[in-house]
Amino acid sequence: MKKVQVITDGACLGNPGRGGWAAILRYNQHKKELWGSEPHTTNNRMELRAAIEGLRALKEDCEVEVVTDSEYLKNGITAWINGWKRNGWVTKAKKPVVNQDLWKALDEQVERHRTAWTWTKGHASHEDNNRCDELASRAARDQSKSG
């Protein structure tokens, strides 16, 4: 099974506002950059989209380390999601899970792979995370997407 690293980030100009997401896929010496945007969204939705699209881009089942600077994303997929699924997608406060559509899409992608989730401090020393921030911010500003 291939070992791949997927580094992700989301950005939003206003929250809600124009959003962008980015993912960098690394396998051995190979590197692929992906990004996209939405005209009216939130930062958390863009963090989720970055992970979904990064995992979706993998052509086969892989062993994946997902690196994110979003505690919301990391905690949601590693700690909260099992309870949400068990409770019919409602929180402990008996409210519907926010961004449920994207959590379900992410869960579907995670099922395909063997994933490990790593948190990194944003805007710090992680070169690929900084590059993702740059790509996501540009995508949000320009409303662009990778080819």
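Start by selecting residues 3-14 and 63-68: these are strands β1 and β4, which pair in the parallel sense over 5 bridges. Strands (E, at least two residues) and helices (H or I, at least four) are DSSP runs numbered from the N terminus, and two strands pair if DSSP finds at least two bridges between them. You are looking at a predicted model, where local features need pLDDT of at least 70, side-chain atom pairs count only at pLDDT 80 or more, and totals for chains, interfaces and linings use all residues. Residues are numbered from 1 along each chain as its sequence is written, and side-chain values use heavy atoms, leaving out hydrogens and water.

Zoom in on Val6, which stands opposite Val66 in β4.

Next, show Leu58, Trp103, Leu106 and Trp117: they touch the most other members of the largest nonpolar core, which has 29 residues. Such a core is a set of buried Ala, Val, Leu, Ile, Met, Phe, Trp, Tyr and Cys residues joined through side-chain atoms within 4.5 Å; buried means under 20% relative accessible area with a 1.4 Å probe, protein chains only. Helix α1 gives the largest share of this core, 6 residues. A second, separate core of 10 residues includes Ile7, Ala22, Ile24 and Val67.

Cys132 is buried, at 0% relative accessible area.

Definitions and conventions:
Buried < 20%, exposed > 50% of the residue type's maximum accessible area, 1.4 Å probe, protein only.
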